[in-house]
Amino acid sequence: MNDVRPIRAKSGTNHEGTSAHNRRVMIDALRFNGSLSRADLSRATKLTKQTVSNIIEELENDGLVLSLEVVRKGRGQPSTPYKLVPDGAFAIGLQIDRHVTRAAAVNLVGNVLVRAEANLPRGGPARGVKVILDLVEEVRRELATLSSQSEKRLVGLGVAMPGPFGMEIIEDDAWMMAAWQNFPLLETLAAGTGLDVGLQNDASASATAERMVGAANGLDHAVCLYLGYGIGAGLILNGELYNGSNGNAGEIGMILTPPRQGGGQHQALEHRASLASLYQHMGLDPADPDLHAKLAAAAESPEPSLAGWIELAAGDLRWSVQIIETIFDPETVILCGSAPEPLARRLMQAMDPLLPSIADRRDRRLPRVQLGMTDPWAVALGAAAEPISRAFDPRFSAILKTRANG
């Protein structure tokens, strides 16, 4: 059945006290490969057949895995393939941005089941939190109509918003969303929803989405260059998302760029090449609900003002890609974010030729830069995928936690 195609899976361990890690490895292998037999899982994960059988039985009892019809091929023994139960787990993701909030519910395999959005009123969290809690409740109610098990199997609420986090910032700094940064957001959302709540920046959320169902799926080393109101980098290192000591890893939008030709001063990258800089350049209202469609239309037209911005922004992004490749040595850099697809594609094309770097090798399997998700909902999807990842993906910390508790 599966012997004719390569199986991608992380390795488990047959040492005592590592069942939590092995369970995650099995779920990850089934998510990536679709369906596998016990023999396939044993070979791919390097776990004994008995260990695989024990975990499969456990996952079946937990409603996370189901068996398919027996497959008979040639003269070999018949085999039973297993696959994940999509409705085995659910999670909700929440994006909080400067003018809008979006919520999405996903299942165990990353399918988006429900989504809803609302405009955030002026006044910061004092007025905005109620809008957000109502939005999450709306998504939960609709999810419950799709699955009677949704509340029982809801593993958490993931929240994504612009970083950096934990910095001393002026209360009226709209760019840094200071009022939201200084508000006890996670505690308020946990109390209001009764769910476990996790926080990541929007670039990391976008990378989480790419890792689960996008261009980074199956990659161990990738950097997602996130282009939104600001700019960030989501770092996938050794198959895991890297957040740094304060959740601020990848805040490349704050890197000071060299002055452009003709003089000028050093500026933060995101003040020159983000969508916010484009809005300012073209005199657009970032709170306009039709902004995404207007940008997409402009990107497909010979608008000279936009063409000028693309040329300058592509130069800055080309420079940032060279830095990312030099520091992290990824398999690929994925350009993603909330920019409309026509705009993101024009930017990527304008970045060519890329600057020379250690990534410029003849034996490359993937392009140095490729296009990822260009969707306003990508951050909410990644935020929803984060609780799923936290609960089920293989992590080195799972081994450490098990051994510490053993």
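How many residues lie between S4 and S5 in the hairpin that they form? The hairpin of S4 and S5 has 3 residues between the strands, where strands are DSSP runs of E with at least two residues, numbered from the N terminus. This is a predicted model, in which local features need pLDDT of at least 70 and side-chain atom pairs count only at pLDDT 80 or more, while totals for chains, interfaces and linings use all residues. Residues are numbered from 1 along each chain as its sequence is written, and side-chain values use heavy atoms, with hydrogens and water left out.

- Strand S4 (residues 90-96) pairs with S5 in the antiparallel sense over 7 bridges, pairing being assigned if DSSP finds at least two bridges between two strands, and Ala91 has Val106 as its bridge partner in S5.
- S5 also pairs in the antiparallel sense with strand S6 (residues 112-119), over 7 bridges, and here Ala105 stands opposite Val114 in S6.
- In the hairpin of S5 and S6, with 4 residues between the strands, Gly110 takes a positive phi near 90 degrees.

**Burial of S5**
- Because 8 of the 8 residues of strand S5 (residues 100-107) are buried, this strand is largely enclosed by the rest of the structure; buried means under 20% relative accessible area, with a 1.4 Å probe and protein chains only.
- Val100, Arg102, Ala104 and Val106 point one way from S5, whereas Thr101, Ala103, Ala105 and Asn107 point the other way.

**The open sheet**
- Three strands form an open antiparallel sheet in the order S1-S3-S2.
- Strand S1 (35-37) and strand S2 (65-67) stand at the edges with a single partner strand each, so one side of each is left without a neighbour in the sheet.
- S2 pairs with strand S3 (residues 81-84) over 3 bridges, and Tyr82 in S3 is the bridge partner of Ser67.

Definitions and conventions:
Buried < 20%, exposed > 50% of the residue type's maximum accessible area, 1.4 Å probe, protein only.
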